[in-house]
Amino acid sequence: MNEYKDLKLTVASSPHVNSPVNTRSLMLDVLIALVPALCFAVFFQGPKALALTLVSVAGCEFFEWLYRKLLKKPQTMGDLSAAVTGVLLAFVCPVTLPYWTVLIGDFFAMFVVKQLFGGLGKNFLNPALAGRAFLMLSYPVLMTTWAKPGVSNWFGLTAQSADAITAATPMGVMHGSTVADPMLPWKAAESAGTLRDLFMGNVGGCIGEVSALALIIGGIYLIWRGVINPRIPGAYIGTVAVLTLIFSRGNPHFEWMLSQLFGGGLMLGAFFMATDYVTSPCTPNGELIYGVGCGLLTVFIRYFGGYPEGVSYAILLMNVCTPIIEKYTHPSRFGVSKEDIRKAKEAAKAAKKGGAEA
Amino acid sequence: MLHQFFGGVHPAEHKDLTEHKATTPLAEAPAQVVIPMAMHVGAPCKPVVAVGDEVKVGTLIGETTGLGAPIHASVSGRVAAVEPRPYGGGGMMMSVVIDNDFQDTPDPCVKHRDNVDALTGAEIIEIVKNAGITGMGGAGFPTHVKLSGAVGKVDTLILNGAECEPYITSDHRLMLERGEAVIGGARLMAKACGLTEATIGIELNKPDAIEHLKTLAGSDVHIEGLKTRYPQGAEKQLIQMITGRQVPPGGLPAHVGCLVSNVATAAAVWDAVTEGKPLTRRGVTLTGGAMAEPMNVLAPVGTPVGWLVKMAGGFKETPDRLLYGGPMMGNPIYDLDAPMMKSTNCLLALTAAEVAEQDPAQTCIRCGKCVEACPMHLTPLFMRMRVDKRKWDEVEALHVMDCIECGSCNYICPARLPLVQSFRTAKFAIRDKAAKEKAAREAKEKEAAKA
């Protein structure tokens, strides 16, 4: 009566279906979300922005392949995570940076920060930001040579004009420690751009960080696609907004706050760097704490630190705190109320006391 | 007001395959049924018939030997064998095999009851017990045990019509076609455990069922539409959604004053009380991408799975796997001679394309989607890391025993890691260790007593 005796049926543990989202599609979504920022960067800073990004992507993919080849590990090229690191590392470098420098950054990010700790999912620092920190320490002048935004960048792909070296950045003008008098970018003797310029990206700065508009578009895309949730960027940007509004150093205060939000790397950091899966907490409450921590450190470094911009170091420092944040933010156990926990604690204390007396 | 439960996922529903197809009796009854003696939580029943005995629909064939529910013949005919046969729980189980005479002669115990309203709660529980009714949503807990344990302890009766698993539509069709039986059964169950009201929870993706039951329900049966979100129909999540209460770890719904039962169980209670019918047949959804004609059927318990597949037109393409139940929590079938049971609500034939792709080479990227998806507030990624290192104490400290194996974390994992499988391994290892420790302690105590 059984006509299907030859049928080979798989016996496996449930569940038998999976969501269509996989690691590769998540990384692809991140790359798509970075496209608007790249377009704005090319428009304001010239085709070199695109060339530098492509070189960086190729570098990251190559170094990851090389490491895994040398150590005879399975190749993981398909997951696109190295490509994301490549784009992000290029985005936090100035457009004037020579190609060889960015390749050194790629090497550090892929070999030292990512692969030596075991590859994807095991590194404790954000590879792109660690790569940038390494370049900042090794080549501080190259890393702070800003191109003046504008059409002139479209000519002379590699030549560095005199303009490029003198361009002021909004963060430099607003910085407290290195300039005598922090002020709004457009009030400086040499204007570093109006609020509108800051929002659009028509200012001096790293390739990917200048256009707040493009980054917000990318961030909204990521949230809409469910790749990231709004907790980390929300907590991060919210913290910076509140602190800079209360402790404003320019007049009007609201414009100072907006300049702090749109200037520098905050949007890139909040939407793309701090939300890096591997180096941010996995627990919902942990994500909020982490975001607030990033915001506090960013404002502290901007106000009291030696650098005009603090996003990358703030995020790196919070990366290091991630394990301990996770340890203390496990979701509350199902079916155990706060009241129950309090009672259990009291009982434990009483038992301890009783034991000591005995 | 409805409450929320934390987490969950929303897999593709695929309910359109069968949701508009009325439940029909099998076009051809099976020539033979195989009725296993364990279709419930508890001890297997003891067969009370011998080879050659005549049985009718509803004749008692298996008696309880402890916790359990009696088992009745689902077709009329002659007992062909009483022997171990392959069954749905895996392995072999003592079964009563009946050759069908296609007469469907009812047993004399099946008779209409007029004085339904005059029945007391205890009488209803007795009828439910004798009718062999078990939970029809999955686990198969004997319903009379649930009801008698609830008397005086619960204040809320919840009937589960969520049917949150993809593909399955048997409860949906039941609510549409036999709404009176569901509502009637709800009232009887409420009375049995000393309550006057009941709540039926239904996911909002079944608006027709919600509307239909609302027109039938009086003021004593509340119909709640629930957001479509898996695992809405999991007992603990359903309680949380409707009452806001959380069942404590290791506890039962009764600990928070709730009793949860399936809508199909309520209909079975109605049939048992009003018509005297034991639980011998049920609605089953035959579906999946490999099934030629997906449909809902009313089939006798014990029908071999292969026969059901044949009734659905056979396979239109080679299935990768065949499941009892839905794709999220269903159990795989490896022998088509295995019978459908009292708790079989669906027979799902998935093609290779529908099944999850497996890629063991990938690693966890710490995206945290599993933490967000877990309705039991667990941290699957941290538990898995420790399972890999076989650190059972640490896994236990992360409350792996709270895991309801709903599969939400596994479903959402972008690295396709076999999370649920690793938690099952951990649970088994932890239980095993506890049992061994207990045995060692008892042996020691015995020795000490001797000395």
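**Close-up views of a predicted two-chain model**

**View 1. The loop of chain B that carries Pro231(B), in a predicted model.** Pro231(B) is found in the loop that lies between strand E11 and helix H6 (235-243) of chain B. The peptide bond that leads from Tyr230(B) into Pro231(B) is cis, and its omega is near -5 degrees. As in every view that follows, the coordinates belong to a predicted model.

**View 2. The segment of chain A that carries Pro15(A).** A cis peptide bond also occurs in chain A, from Ser14(A) to Pro15(A), with omega near -5 degrees. Pro15(A) is placed in the segment before helix H1 (23-45) of chain A.

**View 3. The open sheet of chain B.** Four strands make up an open sheet in chain B, in the order E11-E10-E9-E12, and their pairing is parallel. Strand E11 (221-226) and strand E12 (258-262) of chain B stand at the edges, and because each has a single partner strand, one side of each is left without a neighbour in the sheet. On average, neighbouring strands of this sheet are turned by 25 degrees against each other, direction ignored. In a regular strand, the side chains alternate between the two faces of the sheet.

**View 4. Strand E10 of chain B and its two partners.** Strand E10 (residues 198-203) of chain B pairs with E11(B) in the parallel sense, over 6 bridges, while 4 bridges join E9(B) to E10(B), and these two strands likewise run parallel. Towards E11(B), Ala198(B) stands opposite Val221(B), and Gly201(B) stands opposite Glu224(B). Gly201(B) in E10(B) also has Asn160(B) standing opposite. Strand E10(B) is mostly covered, with 5 of its 6 residues buried.

**View 5. Helix H5 of chain B against the sheet.** Strand E10(B) pairs with E11(B) over 6 bridges, and helix H5 (residues 207-216) of chain B packs on the sheet to which these strands belong, touching strand E9 (156-161), E10 and E11 of chain B. The direction of helix H5(B) makes about 165 degrees with that of E11(B).

**View 6. The packing of helices H3 and H5 in chain B.** Two packed helices are described by the angle between their axes and the distance between the axes. Helix H3 (residues 170-177) of chain B and H5(B) pack at an angle of about 35 degrees, and their axes are 9 Å apart; the crossing of H3(B) and H5(B) is left-handed. From H3(B), the residues His172(B), Met175(B) and Leu176(B) meet Asp208(B), Ala209(B), His212(B) and Leu213(B) of H5(B). Divided by class, the residues of the contact of H3(B) with H5(B) are 4 nonpolar, 2 polar and 1 charged.

**View 7. Helix H4 of chain B and the glycine that follows.** Helix H4 (residues 179-192) of chain B has 14 residues, which at 1.5 Å a residue should span 20 Å, and the end C-alpha atoms of this helix are 20 Å apart, which agrees. Helix H4(B) is mostly covered, since 13 of its 14 residues are buried. Gly194(B) follows H4(B) and has a positive phi, near 80 degrees.

**View 8. Two positive phi angles in one loop of chain B.** Phe102(B) is placed in the loop between strand E8 (92-100) and helix H1 (121-130) of chain B, and Asp104(B) is also in the loop between E8 and H1 of chain B. Although Phe102(B) is not a glycine, its phi is positive, at about 60 degrees; Asp104(B), also not a glycine, has a positive phi of about 50 degrees. Phe102(B) counts as exposed because it has 12 C-beta neighbours inside 10 Å, whereas Asp104(B), with 15 such neighbours inside 10 Å, counts as partly exposed.

**View 9. The enclosed helix H13 of chain A.** In helix H13 (residues 266-273) of chain A, 8 of the 8 residues are buried, so this helix is largely enclosed by the rest of the structure. The buried residues of H13(A) are Leu266(A), Met267(A), Leu268(A), Gly269(A), Ala270(A), Phe271(A), Phe272(A) and Met273(A).

**View 10. The contact between chain A and chain B.** Chain B gives 55 residues to the contact and chain A gives 34 residues. On the side of chain B that touches chain A, at least two residues each come from strand E15 (321-324), strand E16 (331-333), helix H9 (369-373), helix H12 (408-412) and helix H13 (419-450) of chain B. By class, this side of chain B has 32 nonpolar, 13 polar and 10 charged residues.

Conventions
Residues are numbered from 1 along each chain as its sequence is written. Chains are lettered from A and ligands numbered from 1 in the order in which they are written. This is a predicted model: local features need pLDDT of at least 70, side-chain atom pairs count only at pLDDT 80 or more; totals for chains, interfaces and linings use all residues. Two residues are in contact if their C-beta atoms, placed from the backbone, lie within 7 Å. Ala, Val, Leu, Ile, Met, Phe, Trp, Tyr, Cys and Pro count as nonpolar, Asp, Glu, Lys and Arg as charged, and the others, Gly among them, as polar. Two strands pair if DSSP finds at least two bridges between them. Axes are lines fitted to C-alpha atoms, for helices over the stretch in contact, and angles run from 0 to 180 degrees between N-to-C directions. A residue is buried if 20 or more other C-beta atoms lie within 10 Å of its own, exposed if 12 or fewer, and partly exposed in between; C-beta atoms are placed from the backbone. A crossing is left-handed if the near helix is turned anticlockwise from the far one by less than a right angle, and right-handed if clockwise. The expected span of a helix is 1.5 Å times one less than its number of residues.
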